[in-house]
Amino acid sequence: MGIRTGLPLPSVGETAAQLLVYFLVEDYLAYWVHRLLHTAWAYDKIHRVHHEYTAPIGFAAPYAHWAEVLILGVVAFASPAMVPCHVTTFWLWFALTGIQSIDTHSG
């Protein structure tokens with residue numbers, strides 16, 4: 001994927017710019033994938049598992065069908081695949097997406 005692991009570490013500006021692109025791409029893709037998961041077939045076969053918990057509890061966000069976890073994993077990896085970064089930015093990206101997922105499912 002082109003992820004760098006050596007020195008020098010990325011600047012704060014480079015990291016911020018990459019994270020901005022990552023959030024924009026992930027938000028766009030996640031919106032459309034989520035809409036597709038709400039079609040009759042996908043909801044019945046896959047996405048309904050995610051909606052078994054109706055209380056707005058953030059830590060229930062990752063509770064989903066295994067296929068949905070894979071599908072949304074591809075969405076999360078799409079941005080770093082398109083705009084390669086340093087491994088520290090990659091780690092930060094996945095920490096922030098986890099926090100964002102918990103926050104958006106917290107009512």
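Helices (H or I, at least four residues) and strands (E, at least two) are DSSP runs, numbered from the N terminus.

**Ground rules.** I'm working with a predicted model, where local features need pLDDT of at least 70, side-chain atom pairs count only at pLDDT 80 or more, and totals for chains, interfaces and linings use all residues. Residues are numbered from 1 along each chain as its sequence is written, and side-chain values use heavy atoms, with hydrogens and water left out.

**Overall look.** I counted four helices and zero strands in the protein chain. Reading along the sequence gave me α-α-α-α. I then checked the extent of the C-alpha trace, which spans about 50 × 25 × 20 Å along its principal axes. For burial (under 20% relative accessible area; exposed is over 50%, partly exposed in between; 1.4 Å probe, protein chains only), I got 30% of the 107 residues. Next came contacts, meaning heavy atoms within 4.5 Å. Of those with a separation of 6 or more, 68% are between residues 24 or more positions apart.

**H1 against H3.** I looked up how H1 (residues 12-37) packs on H3 (residues 66-82): the angle is about 155° and the axes are 9 Å apart. Axes here are lines fitted to C-alpha atoms, for helices over the stretch in contact, and angles run from 0 to 180 degrees between N-to-C directions. That angle makes H1 roughly antiparallel to H3; the label is for angles over 145 degrees, with under 35 roughly parallel, 65 to 115 roughly perpendicular and the rest oblique.

Who meets whom? On the H1 side I listed Val21, Tyr22, Val25, Glu26, Leu29, Ala30, Val33 and Leu37, and on the H3 side Glu68, Ile71, Leu72, Val75, Ala78, Ser79, Pro80 and Met82. By class, I have 13 nonpolar residues, one polar and two charged in this contact. The classes are nonpolar for Ala, Val, Leu, Ile, Met, Phe, Trp, Tyr, Cys and Pro, charged for Asp, Glu, Lys and Arg, and polar for the others, Gly among them.

**His86.** Where does His86 sit, I wondered? I found His86 in the loop between H3 and H4 (87-104). His86 counts as buried because its relative accessibility is 2%. Leaving out residues up to four places away in sequence, His86 touches Ile3, Arg4, Thr5, Gly6, Pro8, Leu9 and Pro10. The His86 side chain also reaches the backbone oxygen of Gly6 at 2.8 Å.

**Pro8.** One of those partners of His86 is Pro8, which I placed in the segment before H1. I noted that the peptide bond joining Leu7 and Pro8 is cis, with omega about 5°.

Notes: Polar contact = N/O pair within 3.5 Å; in protein donor to acceptor, adjacent residues only side chain to side chain.
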